Amino acid sequence: MSAPLSTWELLHWVATKPTRSTREDLDALLARADFTQVARDVLVSGPPSEKTTALRVLRKLATPEAHALARLALRDEAADVRVLAARVLAGTQDAADWRRLQEALDDTEPSVQHAVMDSLARMNPAAASDLFLERFERAPLAEKLNALATAQRLGLPESGALARLGLASTSSTLRAAAVALLAREGEATEGLLIQFLTDTAEDVQLEALHALSRRAHVPASVFVPLLSASSPLQVRQQALRSLVLRGDASACEPICRLLTAPESSLRRMTILATARLGCSGATRALLEMLARTRDEDERADLVTALGQLGGPEAWEALRQALSDESLRVRRAAISAWTSDAAPPDATTVMLEHLRGAPDIETRKAVVLALLSNRPEMAHRALRLALEDSAPEVRRMAVRALGLEASPEALQILREHQATERDPDVLRHLGAALERQQAPGDTPISVDSPAERLLFDPARTGQHVAEWLAVPERYPATERFYFYAGGNLEQLGTDSRLHAFQYTALGDQLHIQPEGAPGRSTAFTVTPDPPASNGMPHRFRLELARDILFGTDAPRTLHFIEPKQTDTASDDDF
């Protein structure tokens, strides 16, 4: 049996391991009785990686001895070490530590200065605010930016005074930071924010726009002038978003003028904005654009917008769009025809298209759309799909019916079993019938891993599953949550949450982003071999196209089956 690691050996191992040290690693060091002495030696003569590891543990320790060691490290040659030393001192209330941190404000490394300001502000917010104000006029640009950022992040008492000093700067970067800080001050600052909408610098204008966009009572007239061609593209785009957020149809006329903008991205935003605002006067212009543009993305957006605006001319154009040369445009038209805004004959049009569309992808898209948006037509559409000449369409129908626990679905599957000849469809048909007949059993089929429900691929019985973009980087990775009810949430590494609706039927995954055309792709769910060490089962969700972000590149997500908690008591044995 090998001897246990010494405290220094453990610290060295944690500092040099290929992956980032965990809370458990730091707790293991913290539990060592001689850790403080080892940390002192390391901070005197160790490499930077060991010094920063020692300081991370000292930050958790938060004792006078830990603070004394942090003061020592505050003079280290390595900026990373000085940064962590400053953060360790945030937990002290010692006047000597305040003075040491105040002296460290003159550090030439911005990251150190940022950490020092953060610690000062946490120790004494009022005193730190006064200190930042006192130094502001003579401070270099980096320190001014750090002061504004710290005041904004921690809400310091004199934030408004700091912001006003920054607004007078000749640096647009500093003015933008000052505007962001001023935005925290409430309605009293709106006049100043509106003034900075006409700033000569684009980044300042954008910061003021972001601040005012979040205030619903700011009138649309404030944003309309920024739609002019003299404004930078990003400013026009943000002004357009602000107007859409307000839902004020009085802005339709100036917004419609952007339909002729030279920038494709702005035209596409405008197309969808006219639909969101209900700009019925835009219908003629949208129809003319649809007739002349050959850009696939723009045509799909036009079809989506016309479907929302409606009207006889629009629906006639949307009828023709069902046969467009572009699959994306056809799918946008199908979504429009199956929406709540569609005319009374929409179901008839869709069923005719399901019978007569020449390509397989369009027929599959019609089935998916009817299942998602017209559930009362589901069985009729699936019966037609089971008569389709393409096995792919029949397989999709079989799997859709297999996911439905109803006597009618079971009867349809049994009737079709007598006439189906394709081996692959028959395999899916057998699995669907088995699942229908024994709904209480949840065996994992090795031969057909794709039979698992998308939101619950490992048959855990849960109502939501978490899929990871890069499992090795958990939790610092994109996460996707598939809910049983058809809701999908994407949590980015920036902690922003985006919501979609999804449908997973057949071998197709369809998602519907808010305010944008739906997107579909073929998918498979396959299990990775279980590890010999008893780790949870893993599954891969392979998308032929990355519809989550609207690109044609393939995408793979990963699911790790939760470990089963052992709930047995001693009485069970």
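**Core, disulfide and strands in a predicted chain**

Student: Take contacts in the chain between residues at least 6 apart in sequence. What share joins residues at least 24 apart?
Tutor: Contact means heavy atoms within 4.5 Å. Count the pairs at least 6 apart in sequence, then ask how many join residues at least 24 apart: the share is 53%.

Student: What kind of model is this, and which pLDDT do side-chain atom pairs need?
Tutor: Residues are numbered from 1 along each chain as its sequence is written, and side-chain values use heavy atoms, with hydrogens and water left out. The model is predicted: totals for chains, interfaces and linings use all residues, local features need pLDDT of at least 70, and side-chain atom pairs need pLDDT 80 or more.

Student: Where is confidence highest, and where lowest, among the elements of the chain?
Tutor: pLDDT is the predictor's confidence in each residue, from 0 to 100. The chain averages 86, and 88% of residues score at least 70. Helices (H or I, at least four residues) and strands (E, at least two) are DSSP runs, numbered from the N terminus. Confidence is highest in α18, at 97, and lowest in strand β4 (residues 497-505), at a mean of 76.

Student: How many contacts beyond four places in sequence does the model have for residues 438-452?
Tutor: Treat this stretch with care. Its pLDDT stays under 50. Beyond four places in sequence, the model's contacts for it number 22.

Student: Which cysteines form the disulfide?
Tutor: A disulfide is a pair of cysteine sulfur atoms within 2.5 Å. The structure holds one. At 2.0 Å from S to S, the joined residues are Cys 252 and Cys 279.

Student: How far from Cys 256 is the nearest cysteine sulfur?
Tutor: Cys 256 is in no disulfide. The nearest cysteine sulfur belongs to Cys 279, at 4.9 Å.

Student: Is Leu 322 buried or exposed?
Tutor: Buried means under 20% relative accessible area, exposed over 50%, partly exposed in between (1.4 Å probe, protein chains only). Leu 322 lies in the loop between α20 (312-321) and α21 (327-337). Beyond four places in sequence, its contacts include Arg 330, Trp 337, Val 349 and His 353. Because its relative accessible area is 3%, Leu 322 is buried.

Student: Which residues have the most contacts inside the largest nonpolar core?
Tutor: A nonpolar core is a set of buried Ala, Val, Leu, Ile, Met, Phe, Trp, Tyr and Cys residues joined through side-chain atoms within 4.5 Å. The largest has 151 residues. A second, separate core of 20 residues includes Phe 500 and Leu 543. Inside the largest core, the residues with the most contacts are Leu 55 and Leu 286.

Student: How many bridges join β6 to strand β7?
Tutor: Two strands pair if DSSP finds at least two bridges between them. β6 (residues 519-527) runs antiparallel to β5 (residues 508-513), joined by four bridges. Thr 526 stands opposite Arg 540 in β7. β6 and β7 (residues 538-543) also run antiparallel, and the bridges joining them number five.
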